[in-house]
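Colleague: Please take me through this model, one question at a time.

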Amino acid sequence: MKIGILGTGHIGKTLVATLSAAGHEVKVANSRGPETIGPDVLAQGGRAVSAADVVLDVDIAIVSVPLNRLPDVAPLIGRSASSTVVIDTSNYYPQRDGRIDALEAGRTESLWVADQLGRPVVKAWNAIGSDSFAKKGKPVGSPDRIAIPVAADDERDRRIALALVEDTGFDGFDAGVLAESWRQQPGTPCYCTDLSRQEMPGALAAADPARSPKRRDLAFEAVLERMSGSGARDPGADYLVRLNRALFL
């Protein structure tokens, strides 16, 4: 498929690499220009383009930017064809994104994203940590393969995203419609806890909309405390999975 990826953060970089390696035609852009996208991002065959070009003539547009940048991205998405499937990987962290009243009032993140972009979206790759995503992909059929939930209102869009998740080395798990995608938001049992396909249904069912924001904020503060105490820039992937399992499961 022809895929345009907007964003070269940790998730975006891995998407470029894995989807290119799977044989898709991938182009990628960031806000700073194609000349700033390093060869490591493009090593598997991705092509750097301008932000204005990244969603033109593509089957799939993947938006992998911080949630507070989505209003800026909306005009770019508006240039894509109506048939283009838009996939969003973002998550809401008020400490980073600033307080968003609609989300604080309980609006499901992916529905808010669809409002901002003016398009239906698929929610995917938001519930896995960047280090796990980069390092823990496995071939189809591996007994310990990690599952990634995928939510969308359109069944065709959801099937396409599920297949792409498989191409990145993980089990795509059908998490239903966008109204239920709060079950894969930060602070929920399936969020960045590296669960298997067999564990995913129970984790989604156990999600608690009242408690998950509190758990999200506890995890955020724990990471900040660990980093400030050690001077490290990254708390470590194993620590994050252990922390999230302790707080969210």
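Modeller: Helices (H or I, at least four residues) and strands (E, at least two) are DSSP runs, numbered from the N terminus. This is a predicted model, in which local features need pLDDT of at least 70 and side-chain atom pairs count only at pLDDT 80 or more, while totals for chains, interfaces and linings use all residues. Residues are numbered from 1 along each chain as its sequence is written, and side-chain values use heavy atoms, with hydrogens and water left out.

Colleague: Which residue takes a positive phi just after H7?

Modeller: Helix H7 covers residues 155–167. Just after H7, a positive phi of about 105° is found at Gly 169.

Colleague: How far apart are the end C-alpha atoms of helix H7?

Modeller: The expected span of a helix is 1.5 Å times one less than its number of residues. H7 has 13 residues, so it should span 18 Å; this agrees with its end C-alpha atoms, which are apart by 19 Å.

Colleague: Is Tyr 93 buried or exposed?

Modeller: Buried means under 20% relative accessible area, exposed over 50%, and partly exposed in between (1.4 Å probe, protein chains only). Tyr 93 has 15% relative accessibility, so Tyr 93 counts as buried.

Colleague: How many aromatic pairs are there?

Modeller: Rings of Phe, Tyr and Trp (its six-membered ring) pair if their centres lie within 6.5 Å; planes under 30 degrees apart count as stacked, over 60 as edge-to-face and the rest as tilted. By this rule the count is 3.

Colleague: Are the planes of Tyr 93 and Phe 220 stacked or tilted?

Modeller: The ring centres of Tyr 93 and Phe 220 are 5.8 Å apart. Their planes are at 35°, so the pair is tilted.

Colleague: How many residues apart in sequence are the parts that Tyr 93 and Phe 220 tie together?

Modeller: Tyr 93 lies in the loop between strand E5 (85–88) and helix H3 (94–97). Phe 220 lies in helix H9 (residues 212–230), so the parts tied together are apart in sequence by 127 residues.

Colleague: How many residues has the largest nonpolar core?

Modeller: A nonpolar core is a set of buried Ala, Val, Leu, Ile, Met, Phe, Trp, Tyr and Cys residues joined through side-chain atoms within 4.5 Å. Leu 67, Leu 70, Ile 77 and Leu 117 have the most contacts inside the largest one, and its size is 35 residues.
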